[in-house]
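User: I would like to learn how to read the features of a structure such as this one. Please take them one at a time, with the general idea before the case.

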Amino acid sequence: YSSCPTECPVMMSVMRQVYDKMETDEIAYYLISFDPEIDTIDRLKSYVTAFNPEFMGVSGEISEVVKLGYQLGVEKLAPMENHMNQRIISHTNHLIVVNSDAEVIGIFKAPFESSSMTLVIKSLLSSQ
């Protein structure tokens with residue numbers, strides 16, 4: 001989500017690195033926000049396109065994005081404030097590969113290494 005201070009910017013940078021190495025434009029890259037109260041469509045668009053103009057931000061009603069998150073194996077907790085009064089959402093940080101049939105075909109967990117991830121994603125997609 002756009003106000004995430006740590007994991008999300010790192011993940012977006014990794015996604016940009018993977019994008020640069022994939023050598024195809026037939027893959028879509030999405031950031032799914034679990035904070036629709038803060039992440040308006042315009043705010044998400046501004047955030048994700050700062051990493052790459054081709055990236056897309058997705059959000060919606062909180063019940064729907066939470067359900068999607070659970071279906072993708074992302075565990076999400078309710079928003080809270082940290083010791084500096086910043087709104088945070090503690091969540092699982094995964095890069096999830098979904099094929100054109102909406103099937104999860106791969107899940108990457110930290111630590112992330114874009115070159116290895118790119119090779120695996122290419123293999124996963126070619127075996128479809």
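**Helix packing**

Analyst: The axes of H1 and H2 come within 9 Å and cross at roughly 50°. Axes here are lines fitted to C-alpha atoms, for helices over the stretch in contact, with angles from 0 to 180 degrees between N-to-C directions. Helices (H or I, at least four residues) and strands (E, at least two) are DSSP runs, numbered from the N terminus. This is a predicted model, in which local features need pLDDT of at least 70 and side-chain atom pairs count only at pLDDT 80 or more, while totals for chains, interfaces and linings use all residues. Residues are numbered from 1 along each chain as its sequence is written, and side-chain values use heavy atoms, with hydrogens and water left out.

User: How are H1 and H2 oriented to each other, and which residues make the contact?

Analyst: Two packed helices are described by the angle between their axes and the distance between the axes. H1 and H2 are oblique to each other; angles under 35 degrees count as roughly parallel, over 145 as roughly antiparallel, 65 to 115 as roughly perpendicular and the rest as oblique. H1 contributes Cys8, Pro9, Met12, Ser13 and Arg16, and H2 contributes Tyr47, Val48 and Phe51. Contact means heavy atoms within 4.5 Å. By class, the contact of H1 with H2 has six nonpolar residues, one polar and one charged. Here Ala, Val, Leu, Ile, Met, Phe, Trp, Tyr, Cys and Pro count as nonpolar, Asp, Glu, Lys and Arg as charged, and the others, Gly among them, as polar.

User: At what angle do H1 and H4 cross, and is the crossing left-handed or right-handed?

Analyst: The axes of H1 (residues 7–22) and H4 (residues 114–126) come within 9 Å and cross at roughly 60°, so H1 and H4 are oblique to each other. The crossing is right-handed; a crossing is left-handed if the near helix is turned anticlockwise from the far one by less than a right angle, and right-handed if clockwise. On the H1 side, the contact uses Val14, Gln17, Val18, Lys21 and Met22, which meet Ser114, Ser115, Met117, Thr118, Ile121, Lys122 and Leu125 in H4. These residues divide into six nonpolar, four polar and two charged.

User: Which residues of H3 are buried, and why do they line one face?

Analyst: An α-helix has 3.6 residues a turn, so residues three or four places apart point the same way. In H3 (residues 62–71), the buried residues are Val65, Val66 and Gly69. Seen down the axis of H3, they fall within an arc of 100°, so they line one face of the helix. The arc is that of the directions from the helix axis to the C-beta atoms. Tyr70 and Gln71, on the other side of H3, are exposed. Buried means under 20% relative accessible area, exposed over 50%, partly exposed in between (1.4 Å probe, protein chains only).

User: What does leucine 44 contact?

Analyst: Leucine 44 lies in H2 (residues 41–51) and, at 0% relative accessibility, counts as buried. Leaving aside neighbours within four places in sequence, leucine 44 is in contact with Leu31, Ser33, Asp39, Gly57, Val58 and Ser59. The C-alpha atoms of leucine 44 and serine 33, eleven residues apart along the chain, are separated by 8.1 Å.

User: Where is histidine 94, and is it buried or exposed?

Analyst: Histidine 94 is in strand E5 (residues 94–98) and counts as buried, at 17% relative accessibility. With neighbours within four places in sequence left aside, the contacts of histidine 94 are Met11, Gly73, Ile107, Phe108 and Lys109.

User: Which peptide bond is cis, and where does a positive phi occur in a residue that is not a glycine?

Analyst: Most residues other than glycine have a negative phi, and most peptide bonds are trans. The bond from alanine 110 to proline 111 is cis, with omega near 5°; proline 111 is in the loop between E6 (104–109) and H4. Glutamate 23 has a positive phi of about 60° although it is not a glycine. Glutamate 23 is found in the loop between H1 and E1 (30–32) and is exposed at 70% relative accessibility. Alanine 102, also not a glycine, has a positive phi of about 65°. Alanine 102 is in the loop between E5 and E6 and is exposed at 64% relative accessibility.

User: How many helices and strands does the chain have?

Analyst: The chain has four helices and six strands, which run α-β-α-β-α-β-β-β-β-α from the N terminus on.
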